[in-house]
Amino acid sequence: MSTRQRDSTDEFEEPDDDTLSRDRIRENPRPAMVWLGGLAVLLLLEIGRVFAGVGQLFGIVGFTVELLASVPTSVGGNVGGTLGSAAGFVATAITAILMAFAITVPVAGSVPDGAVDVLGLDLSRRGHRWAKRAELTFVLVALAGLIAYTPFGGVFSALIGAITGGVDALASSLPAITSRDLIPNTGHRLPEGGWEGTFLGLSPAVAWAIRTGLVFAYATAFLAWMWRGFDVYRTHYRLADWTPRDDTVRRFRNNYWGLFGFAIVFVFVVLALWAPAVSPVEAQHNIYEPNAHEFEYLSDDGEVTSTTHVFANLQSRSDGQNTIGPMSYDDYGRWAPLGTTNRGQDMMTHLSHGARTSLVIGVTAIGLGALIAVVLSLLSSYYKGITDIATVMASDTIQAVPALLLIMLVSVVFQEADHPIAQPLDGGLLLALIFAFAYWPGMWRSIRGPSLQVSEQEWVDAAKSYGQTPLQTMRKHMAPYIAGYILIYGSLLIGGVIISTAALTFLGLGINPPTPEWGRLIDGGQSYVSTDSWHVATIPGVAIVLVVIAFNALGDAIRDAIDPEADVDESEAAATGGGA
Amino acid sequence: MSQNTVSTTPDRDAAETAPDTMVKVRNLKTYYDSGGLFDDRPVKAVDGVSFDIQRGETLGLVGESGCGKTTLGRTLIQLEEATDGEVLFDGTDITSLRGDQLYEWRQNAQMVFQDPDSSLNDRMTIGEIIREPLDVHEWKTSADRRKRVKSLLDEVGLSPEHYYRYPHQFSGGQRQRIGIARTLALNPEFIVLDEPVSALDVSVQAEIINLLEDLQEEFDLTYLFIAHDLSVVRHICDRVAVMYLGNIMEIGPTEELFTDPANPYTHALLSAIPKPDPTASRDRITLHGTPPNPRYPPAGCPFSTRCPTRIRPDEHEELDDEVWEGINGFREIIRERMRADRSIRERLRERIGWETRFATIDETYDELFGDLTVPDDVEAVLTEVAEAAGNHEEREALDRLNTEFGSVCDGVDPDGGDDPVEPEYYEVSDSGRLSYCHRHDDEHRETATVLDNRS
């Protein structure tokens with residue numbers, strides 16, 4: 001073969017424009033530097049929150065790792081209980097190795113070849129691949145064993161503890177422009193008029209409005225800066241002067257219904273991410289531990305006295321007889337921009353933290369479900385035959401049970417058993433996992449057609465004809481085509497997840513108090529809709545409707561934007577093509 | 001490898017042991033299972049073909065849609081797994097290659113696909129598309145690969161700055177050029193061209209054909225050119241194989257085959273080429289019916305159901321052609337009825353005398369023979385057959401038809417054996433041209449004579 005390798009490459013002069021993005025940045029660093037500088041300023045402004053976010057991420061990762069790490073021992077424990085401890089140990093080891101191996105399969109490809117060459121074996125290509133996986137598995141299992149069974153584990157957890165502790169300390173000590181410390185809005189009236197403890201002595205309402213305004217201004221600026229980043233990349237550094245994504249973006253920008261959806265979703269996400277900043281009172285004080293936190297207020301007899309939130313909440317309920325409506329103060333000088341709930345808690349605080357709950361559940365459920373759906377659809381459409389049939393059977397079995405019923409059953413079983421998975425978010429995580437389990441068949445069904453279609457394309461055959469591996473073929477030649485579809489179905493379904501969560505909580509299942517959830521607000525306020533306290537059920541109800549509509553509009557717009565046939569007549573792309 | 005030039009000499013020695021044979025296909029079969037768990041009748045897309053491809057030549061593969069030519073091409077580069085038989089590529093049986101050996105071998109044989117819209121991944125730039133084979137085979141360094149892609153772009157008549165464009169931005173002809181560049185990336189020796197120009201405008205077709213010819217000369221390529229456009233085949237191919245229902249009917253040097261076809265199917269196929277001369281003497285041969293279902297190919301010769309020169313039993317030799325056509329049609333309908341499963345509902349409808357989708361055999365009979373004058377002895381047999389078929393004893397009806405009207409073409413063994421006989425490949429010229437037809441046996445008259453007589 002090599003004898004006839006005609007190297008016509010030598011005859012060819014490398015043109016000057018042949019540079020990679022990296023080189024282009026080196027040649028013309030100014031726009032990139034300006035953009036990065038802007039990004040740094042934006043991040044510095046909110047550095048405290050950035051670290052808080054990192055800390056929370058650590059917490060989530062730590063919890064996931066712990067949960068996964070407990071699987072081998074719990075499997076081993078179950079086996080050991082019936083077959084003796086030796087069998088239990090073997091089962092633990094096997095489970096651990098299998099899990100480690102499953103982790104290595106997608107990442108082994110990025111391990112450099114040198115890692116295997118060290119072994120000095122003469123391996124074929126396939127052998128190489130498996131050797132990499134085996135090596136990685138060995139390293140993972142060895143590390144896990146080291147941590148689990150030797151004193152090194154203690155050192156390791158101490159290290160992790162130190163890091164997370166450091167991050168948390170940084171998060172609380174570093175400033176942020178939207179922090180409560182910088183713009184406090186909780187204080188008390190002074191007997192002589194005016195306010196004590198609020199931002200510049202302004203009224204709590206104004207201080208809160210400033211802080212909330214700042215949050216949205218900051219978020220909008222951040223979004224705009226990200227868009228600018230894309231623009232800078234596109235005009236200065238991208239090698240292709242046009243990509244199919246440009247058309248997608250252009251079509252989306254002209255879709256006003258989609259932009260409306262995007263705006264509402266944006267508000268919803270900002271509400272969730274900056275929940276502590278947009279809450280007039282701290283959720284910890286007002287909702288989670290109301291009897292452990294005191295605050296000062298100006299009593300009727302003109303003295304500044306102190307009371308607990310739990311007592312004040314009792315007096316501030318909106319339950320038909322007594323109403324603290326939107327845009328008003330309660331008797332304790334606490335500003336309630338959306339009024340109070342039927343239990344006297346602050347509605348705005350409840351709503352923003354409830355948005356957080358909904359977002360976490362929605363994203364986790366849809367993310368996990370979509371992942372399962374995509375992986376299965378790729379496998380079943382590439383290999384077809386028995387893989388496809390097995391997946392059809394599994395999904396049909398799950399879909400045969402009505403989703404809401406299945407979710408109720410499983411969530412009750414886990415909650416009654418007090419399973420550790422039912423702890424986070426008072427059942428929120430459990431609910432998200434069940435949603436993922438119940439919803440993946442639907443998503444898989446809806447992308448099965450497109451993925452079968454893609455797998456029939458000749459470029460998949462072409463990839464096979466020059467020996468591309470199945471995994472890479474699926475990733476490069478099939479997944480990008482399914483991504484659009486799953487994005488659409490995911491964003492449509494996320495509204496469904498949010499509304500189902502609310503429905504379950506409304507029924508008293510799902511998420512337990514004290515974790516804030518919109519469905520519970522509606523449940524609590526439903527009997528007061530015809531009274532002065534109408535806002536208790538109405539505000540969260542309207543919010544849910546808006547969010548679900550917005551997610552649907554967004555999904556619709558993404559579908560239209562992705563579809564290249566949406567604007568055949570103005571095909572400027574074809575016009576700029578040409579050449580040769 | 002060194003001595004080869006583009007071979008245009010039709011009279012090359014086609015003996016099996018020729019020293020420069022590159023691909024040797026022996027009794028290759030590719031069957032498709034329909035995927036059902038209990039279905040044991042596969043679709044016989046390629047049903048036992050044998051031929052050689054010489055180094056540096058272009059072998060054309062022609063035939064109507066669905067005759068298995070694309071499947072044959074795909075099997076040759078191992079996109080489909082062969083059911084039986086072997087494909088020897090420089091002496092190695094590639095149907096037995098697995099894993100790394102197959103991966104290594106794939107560099108030698110590549111394919112240009114039919115549809116330029118479907119063969120390029122729209123989400124990748126041209127550079128990424130052409131580079132992928134190089135990446136997969138870890139060819140040299142990244143910079144070398146980029147350089148090679150640009151030189152390939154140049155080679156196929158595009159320009160290097162197209163590297164970062166997307167397939168959307170190109171026309172069909174340009175996309176096919178990109179596909180060809182990708183095919184060439186690994187320096188293959190053998191390329192399967194699966195109808196590379198049939199999706200293109202006629203004006204662009206010529207450009208692509210010329211490009212392919214230039215590339216063949218430059219890189220010493222060997223082509224298997226699959227097409228149904230016979231004029232293109234005549235222009236580009238050194239030898240041609242004519243395929244019908246999974247079998248090669250005739251294979252030989254192009255000019256000879258086009259000017260003096262031996263096989264009745266080749267006759268029929270060539271007669272379909274429009275002739276510029278309106279006073280051309282030979283009539284067009286119209287084939288009746290459609291090709292049989294490849295899941296149920298006929299016993300004997302695959303072309304027997306539609307053959308205009310089918311061998312007839314001596315006692316019926318003088319029977320009218322239209323009656324013969326009627327008999328052929330009748331046989332096909334009975335075969336079809338035998339295969340069809342009747343649902344319970346249809347059995348019930350039949351029982352109480354309602355109309356089913358199986359029109360009664362009498363109607364069929366009238367349709368076929370109503371306007372014809374059928375000799376009495378033939379009519380007697382046909383009535384018998386119709387009666388048997390009417391009682392759903394299709395097997396008996398067919399047997400009766402075969403004993404009366406069957407010949408060696410239908411697989412009836414002249415020596416009285418039970419197994420259906422199939423034709424053999426007869427060498428029909430000095431150049432080693434082969435034809436798969438009983439007509440070349442000395443006992444029977446040659447196809448051309450029969451065609452002239454019967455028309």
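What percentage of the 580 residues of chain A count as buried?

**Figure 1. Chain A as a whole.** Of the 580 residues in this chain, 33% count as buried. Chain A contains 22 helices and 6 strands, and its C-alpha trace spans about 100 × 70 × 50 Å along the principal axes. If you look at contacts with a separation of 6 or more in chain A, 66% of them join residues 24 or more positions apart.

**Figure 2. The largest nonpolar core.** This core has 171 residues, and members from chain A and chain B are among those touching the most other members: A:Phe435, A:Met443, B:Leu224, B:Phe225 and B:Val242. Helix α17 of chain A, residues 428–455, supplies the largest share, with 15 residues.

**Figure 3. A closer look around A:Phe435.** Setting aside neighbours within four places in sequence, A:Phe435 is in contact with A:Ala365, A:Gly369, A:Ile407 and A:Val497.

Figure 4. In soluble globular proteins, nonpolar side chains tend to be buried together.

Figure 5. The model as a whole scores ipTM 0.82 and pTM 0.83. Chain B has an average pLDDT of 83, and 89% of its residues score at least 70. Over residues 1–18 of chain B, however, the pLDDT is below 50, although this stretch has 28 contacts in the model beyond near neighbours in sequence. A friendly caution applies here: where pLDDT is low, the predicted coordinates should not be read in detail.

Key:
Residues are numbered from 1 along each chain as its sequence is written. Chains are lettered from A and ligands numbered from 1 in the order in which they are written. This is a predicted model: local features need pLDDT of at least 70, side-chain atom pairs count only at pLDDT 80 or more; totals for chains, interfaces and linings use all residues. Helices (H or I, at least four residues) and strands (E, at least two) are DSSP runs, numbered from the N terminus. A residue is buried if 20 or more other C-beta atoms lie within 10 Å of its own, exposed if 12 or fewer, and partly exposed in between; C-beta atoms are placed from the backbone. Two residues are in contact if their C-beta atoms, placed from the backbone, lie within 7 Å. pLDDT is the predictor's confidence in each residue, from 0 to 100. A nonpolar core is a set of buried Ala, Val, Leu, Ile, Met, Phe, Trp, Tyr and Cys residues joined through C-beta atoms within 7 Å.
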